[in-house]
Amino acid sequence: MTNQQPVKGPASYFPSIEKKYGRPIEEWKELIRTSPLTKHMELVAWLKSEHGLGHGHANALVAHTLAEKA
């Protein structure tokens, strides 16, 4: 039996994002990385308006993706 820590932070939203929107997380992150937008809230607004994501889900994806780039 493995003693895994529960996933915390933005990544904790990933299973429900994949289930709700039917796209793998890597696909969402690639969309964010290739977007001409660079500011956190611009990307969140874009995911919400163009792709129909809820605020929390969009925010989690953007936060996680931008943290990887930093």
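The buried residues of helix H3 are covered by elements that include H2 and H4, where contact means heavy atoms within 4.5 Å and buried means under 20% relative accessible area, with exposed over 50% and partly exposed in between (1.4 Å probe, protein chains only). Helices here are DSSP runs (H or I, at least four residues), numbered from the N terminus. This is a predicted model, in which local features need pLDDT of at least 70 and side-chain atom pairs count only at pLDDT 80 or more, while totals for chains, interfaces and linings use all residues. Residues are numbered from 1 along each chain as its sequence is written, and side-chain values use heavy atoms, leaving out hydrogens and water.

**Helix H3**
- Let's start with length: H3 has 12 residues and reaches 16 Å from its first C-alpha to its last, close to the 16 Å expected at 1.5 Å a residue (the expected span is 1.5 Å times one less than the number of residues).
- Its buried residues are Leu43, Val44, Trp46 and Leu47.
- Seen down the axis of H3, these buried residues fall within an arc of 160 degrees, so they line one face of the helix; the arc is that of the directions from the helix axis to the C-beta atoms.
- An α-helix has 3.6 residues a turn, so residues three or four places apart point the same way.
- After H3 comes Gly52, with a positive phi near 75 degrees.

**The nonpolar core**
- The largest nonpolar core has 15 residues, and Ile17, Trp28, Leu47 and Leu61 have the most contacts inside it. Such a core is a set of buried Ala, Val, Leu, Ile, Met, Phe, Trp, Tyr and Cys residues joined through side-chain atoms within 4.5 Å.
- Helices H1 (14-21), H2 (25-34), H3 (40-51) and H4 (55-69) are the elements that give two or more residues to this core.
- H3 gives the most, with four residues.
- Leaving aside neighbours within four places in sequence, Ile17 touches Gly22, Ile25, Trp28, His57 and Leu61.

**Helix H4 and His57**
- The 15 residues of H4 should span 21 Å at 1.5 Å a residue, and its end C-alpha atoms are 21 Å apart, which agrees.
- In H4, the buried residues are His57, Ala58, Ala60, Leu61, Val62 and Thr65, and what covers them includes H1, H2 and H3.
- His57 has a relative accessible area of 15%, so this residue is buried.
- The side chain of His57 makes a polar contact with the side chain of Tyr21 (3.2 Å). A polar contact is a pair of N or O atoms within 3.5 Å; within protein, one must be able to donate a hydrogen and the other to accept it, and residues adjacent in sequence count only if both atoms are side-chain atoms.
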